[in-house]
Amino acid sequence: MAHSPSHVFATVSPNAGDVYRDENESGFNRGRKQTPSRAQSNARVVQMTGCAELSCPPDRASVTISVKNSKENVIDVTNSISRRLEYILQTVRQHDVKEENITVTKHLQREEELFHMQAEVLVVFLDFEKMEQARSVLIEKLDKIVCVGAPYYSHSAESLSLLRRRVCLEAVDNARLKASEACCILGQALGRPLLLREEESREWMSDQHEATGFHLTLHQKTGVTLVSASSRVFVTFELRPKNSNRRKF
């Protein structure tokens, strides 16, 4: 995973308890202790940017199964479609598909002496292996009036939300790790975070088929709709002397 170069900014200023002296100030103000706002602006800090990039494979596959038939009698065409629909629904349920992930639509029309009926079943699979098994059964057992479509892979809102959180947290952790290593080099200790800001967040979909120019296997097709996300954060940490963490007796 490639990251952009990090930038480190460190400032070392007088402690908040020190007496503030400025040669340009009047004798009345000279020797006054710093106000809290001035002390905060003169805090010893280390500022760090952290970057991260993660990818997420699809977590669901939609398959459309359509049934079409035409007969002179409306009862005959209805029975023909209904028998096949029952078998389709039974098959997908046996492959652990819940009812909320099954949508059935039907359409009946008459043209001259024929009744035309079409039914469509949209199934959302969460298990890709069971999806392939169910498709194989339907293609093998049902006749040509049934069309089993190719799977369409996609990402749920939950998986995308998790990806955004994970990539942001990893960017923060990278910033903290780099700041800690920088403090070791400077002979200092890393203190508490004072400021955290996400400066950039990006998402994109990568088409591996176009990128590679090769035909993909069935297993590799799950990565065609791979979603990637990146995050860049800016963090300000308190900078402490190493001996400040030692217990005083």
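A salt bridge here is a side-chain nitrogen of Lys or Arg within 4 Å of a carboxyl oxygen of Asp or Glu. The model shown is predicted, and by this rule the count comes to 11 salt bridges.

**View 1. Strand 9 and its antiparallel partners, strands 2 and 8**. Strand 9 covers residues 226–241; 13 of its 16 residues are buried, so the strand is largely enclosed by the rest of the structure. Strand 2 (residues 45–56) pairs with strand 9 over 12 bridges, and Val46 stands opposite Phe237 of strand 9. Strand 8 (residues 188–206) is joined to strand 9 by 15 bridges. In that pairing, Glu203 faces Ala229 of strand 9.

**View 2. Salt bridge between Arg164 and Glu203**. The N to O distance is 2.3 Å. Arg164 is partly exposed at 39% relative accessibility, and Glu203 is partly exposed with a relative accessible area of 38%.

**View 3. Salt-bridge network of Arg197, Glu199, Glu200 and Arg232**. Within this network, the side chains of Arg197 and Glu199 meet at 3.3 Å, N to O. Arg197 has a relative accessible area of 37% and is partly exposed; for Glu199 the value is 37%, also partly exposed.

**View 4. Salt bridge between Arg240 and Glu238**. The closest N and O atoms of this pair are 3.1 Å apart. Arg240 counts as partly exposed, at 30% relative accessibility.

Technical notes: Residues are numbered from 1 along each chain as its sequence is written. This is a predicted model: local features need pLDDT of at least 70, side-chain atom pairs count only at pLDDT 80 or more; totals for chains, interfaces and linings use all residues. Side-chain values use heavy atoms; hydrogens and water are left out. Buried means under 20% relative accessible area, exposed over 50%, partly exposed in between (1.4 Å probe, protein chains only). Helices (H or I, at least four residues) and strands (E, at least two) are DSSP runs, numbered from the N terminus. Two strands pair if DSSP finds at least two bridges between them.
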